[in-house]
Amino acid sequence: MTQAILVTGGAGFIGSNFVPYFCRKYPQYYVVNLDKLTYAGNLDNVRECIGLPNYEFIQGDICDADLLTELFYRYDLRGVIHFAAESHVDNSITGPKVFVSTNIEGTFNLLAAAYEHWMNGPHQVKPGYEHCRFHHISTDEVYGSLGPEGFFTETTPYAPNSPYSASKASSDLMVRAYFHTYGLNVTTSNCSNNYGPKQHREKLIPKTIERCLNEQPIPIYGNGLNVRDWLYVGDHCRAIDQIFHQGRAGETYNVGGRNEQNNLNLVQTICTMLDRMYPRANGHTYAELITYVSDRPGHDLRYAIDPSKIERELGWRAQVALQEGLTSTIHWYLASHKQY
Ligand SMILES: NC(=O)c1ccc[n+]([C@@H]2O[C@H](COP(=O)([O-])OP(=O)(O)OC[C@H]3O[C@@H](n4cnc5c(N)ncnc54)[C@H](O)[C@@H]3O)[C@@H](O)[C@H]2O)c1
């Protein structure tokens, strides 16, 4: 029997990698992609889904509670996979308010609509709705900053430092509350930095590639020694799929690539790869374009995920090595650069 699943934010970076993968893998799902199409959403990202019989796009805002109620009713939605968010830390520093509306209020609206549609009251699931699940996608940034040692686990206390991470932490806690108070069938994943095709040009890796291709300075915050764990987006999509289908209700899963890089190393690696794949006309290395700029306020030093719970419980592993993932990412941006 076909079941309708709501995916929010499916025209953004991770969502638009997830939606085609999910539609093709599960023809028994009818995937409703709800996206507001903010500056970060792009329908081109999901053009490969046009014509698929189990895909539909709806432009709309998760802050519109009436719309959500209507969608749950119209499609009799049986699952939610929630990507939609304001996602850029720099924007949260200059304009935090929309992060509160979309990330906190929007997530609350979705939880409330799912609760209304799937349950008769606290811990009373409507007959026939026992398997309906709400999966919430979050970030490792909720845990704050690490020193040179240690890893974030699912029991690390939350200590968000930016308006972005504070808004994601708030949404995670609301998801948790809907499980404990109402018994809503929820799961949450907290993932490290993703990279891959279709990422918005505001983020570090696409920005670096684009600046190289346009022969412009590549900005590096502070001394460039801030460390992040990097995960190829396809590996993240598989993790979400596995948690949505096999994860334990009420649990959170940390998802990471066991692949720490400081920003400077990462940018230098991309420059070296591009030197080979798309040499500069002047024969110099792209690394000459690196320019240090003043640090981001409240810039967390290091994030590192311990993914052993998802590895142990669900048998998930990151499969794409950094060089391989960066090669396909660079190829994708080279192809899209040539179109302009
Ligand atoms: N990119 C990463 O490295 C990363 C890492 C961990 C977790 N996450 C989380 O994964 C999710 C997706 O991240 P991303 O990088 O794909 O983000 P993105 O900014 O590329 O995409 C966000 C999408 O959400 C849509 N959207 C924004 N506000 C909306 C609203 N009010 N109603 C409906 N749609 C709205 C946008 O139009 C866009 O298509 C986010 O929740 C983010 O916090 C991202």
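Predicted model: local features only at pLDDT ≥ 70, side-chain atom pairs only at ≥ 80, totals over all residues.
Entry 1, a term to settle before I start.

I looked up how α4 (97–118) packs against helix α5, residues 163–182. Their angle is about 15°, and their axes lie 8 Å apart. With the limit at 35 degrees, α4 and α5 are therefore roughly parallel to each other. I noted the hand as well: α4 and α5 cross in a right-handed way. On the α4 side, I listed Phe99, Val100, Asn103, Ile104, Thr107, Phe108, Leu111 and Tyr115 as the residues making the contact. From α5, the contributors include Pro163, Tyr164, Lys168, Met174, Val175, Tyr178 and Tyr182. Sorted by class, this contact of α4 with α5 holds twelve nonpolar residues, five polar ones and one charged.

Next I turned to helix α1 (residues 13–25) and helix α7 (residues 233–246), which pack at about 60° with 9 Å between their axes. That angle makes α1 oblique to α7. Here too I wrote down the hand: α1 passes α7 in a right-handed crossing. Ile14, Asn17, Phe18, Tyr21 and Phe22 make the contact from α1. They meet Val233, Gly234, His236, Cys237, Ile240 and Asp241 of α7. I sorted the residues of this contact of α1 with α7 into seven nonpolar, three polar and one charged.

Which residues are closest to the ligand? I found Gly9, Gly12, Phe13, Gly41 and Ala85 there, within a surrounding set of 31 residues. Then I asked which elements each supply at least two residues of the shell. They are α1, α4, β7 (133–139) and β9 (193–195). By class, I have the shell around the ligand down as twelve nonpolar, 14 polar and five charged residues.

Along the principal axes, its C-alpha atoms fill a box of roughly 70 × 45 × 40 Å. How does the radius of gyration agree with that of a compact globule? For 340 residues, such a globule would come out near 20 Å, and the protein chain has 20 Å, so the two agree.

Conventions. Residues numbered from 1 in each chain as written. Axes fitted to C-alpha atoms, helices over the stretch in contact; angles between N-to-C directions. Helix = DSSP H or I, 4+ residues; strand = E, 2+ residues; numbered from the N terminus. Parallel < 35°, antiparallel > 145°, perpendicular 65-115°, else oblique. Left-handed = near helix turned anticlockwise from the far one by under 90°. Contact = placed C-beta atoms within 7 Å. Nonpolar A, V, L, I, M, F, W, Y, C, P; charged D, E, K, R; others polar. Near = placed C-beta within 6 Å. Rg over C-alpha atoms; globule rule 2.2 N^0.38 Å.
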